[in-house]
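Good morning, and thank you for joining this meeting.

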Amino acid sequence: MKFSKQLQKIMHHFGLSTTELADKILVPKATISHLISERNKPSLEFIMKLHTTFPTLNLEWLIYEKEPFLITEIHQKSIEKDQIETPVLNEISEVETVNEIENEDQSENEAEEIEPENISQNITENPKNILSFQSKEIDCIVIFYNDGSFKKYNP
């Protein structure tokens, strides 16, 4: 089903004209006309306005055309049941903070830092590194600077 048909079904169900629908969801009348004539496709913002104004509309129907058209009490209860059964991490002890992650990354980076003059020495002395580079070629090198700029080098 094309979105124009879906929009017409919504208007028929709620007993609205194109002007009334446009006024109700706060969009220009031309937007509704263009969608019905299939000149334009709906934006996510438009679908969100429809769903916010008519919360009984099934979002899956609006986006994927998956029935049912309206969310009934039975369907709503199954959605709520699915949401209840989905585990949510709400204890701070189970979630790493940004600072903990940054500290871990910093300590890993400090452990892996190699002085530039020792890079070639480290690669040749460590057979593991030699094996990992034998079948790979460098495509590009990107250097990121503190001010947010970067420079890309192609060999």
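Predicted model: local features only at pLDDT ≥ 70, side-chain atom pairs only at ≥ 80, totals over all residues.

Where is E38 found? E38 is found in the loop between α3 and α4; helices (H or I, at least four residues) and strands (E, at least two) are DSSP runs, numbered from the N terminus.

Residues are numbered from 1 along each chain as its sequence is written, and side-chain values use heavy atoms, with hydrogens and water left out.

Let me stay with E38. Although E38 is not a glycine, its phi is positive, at about 65°. E38 is partly exposed, since its relative accessible area is 41%; in these terms, buried means under 20% relative accessible area, exposed over 50%, and partly exposed in between (1.4 Å probe, protein chains only).

E38 also takes part in a salt bridge with K2, at 3.5 Å from N to O. By a salt bridge I mean a side-chain nitrogen of Lys or Arg within 4 Å of a carboxyl oxygen of Asp or Glu. What does this pair tie together? K2 lies in the segment before α1 (3–14) and E38 in the loop between α3 (29–36) and α4 (44–53), so the bridge ties together parts that are 36 residues apart in sequence. K2 is exposed, with a relative accessible area of 53%.

How many salt bridges are there by this rule? The count comes to 3. Another of them joins K49 to E45, with the closest N and O atoms 3.8 Å apart. These two residues, K49 and E45, are 4 residues apart in helix α4, and are therefore separated by about one helical turn. K49 is partly exposed at 26% relative accessibility, whereas E45 is exposed at 53%.

There is also a salt bridge between K66 and E60, where the closest N and O atoms are 3.6 Å apart. K66 has a relative accessible area of 47% and is partly exposed; E60, with 34%, is partly exposed as well.

I now turn to the loop between α5 and α6. E65 is placed in this loop, and its phi is near 65°, a positive value in a residue other than glycine. E65 is partly exposed, with a relative accessible area of 37%. P68 lies in the loop between α5 and α6 (73–85) too. Which kind of peptide bond joins E67 and P68, cis or trans? The bond is cis, with omega at about 10°.

P68 has a further contact. Its backbone oxygen lies 2.8 Å from a polar atom of the side chain of N58. A polar contact is a pair of N or O atoms within 3.5 Å; within protein, one must be able to donate a hydrogen and the other to accept it, and residues adjacent in sequence count only if both atoms are side-chain atoms. N58 itself is in the loop between α4 and α5 (59–64). Is N58 buried or exposed? With a relative accessible area of 3%, N58 is buried.

Next, the aromatic residues. The structure holds 4 aromatic pairs. Rings of Phe, Tyr and Trp (its six-membered ring) pair if their centres lie within 6.5 Å; planes under 30 degrees apart count as stacked, over 60 as edge-to-face and the rest as tilted. One of the pairs is W61 with F69: the ring centres are 4.7 Å apart and the planes stand at 75°, so this pair is edge-to-face. W61 is buried at 1% relative accessibility, and F69 is buried at 10%.

Another pair is F144 with F150, with centres 6.1 Å apart and planes at 45°, so the pair is tilted. F144 counts as exposed at 64% relative accessibility, and F150 counts as exposed at 55%.

K9 lies over the face of F69, at 4.8 Å from the ring centre; a charge sits over a ring if NZ of Lys or CZ of Arg is within 6 Å of the ring centre and within 35 degrees of the ring normal.

I143 is in strand β1 (residues 141–144), and at 35% relative accessibility it is partly exposed.
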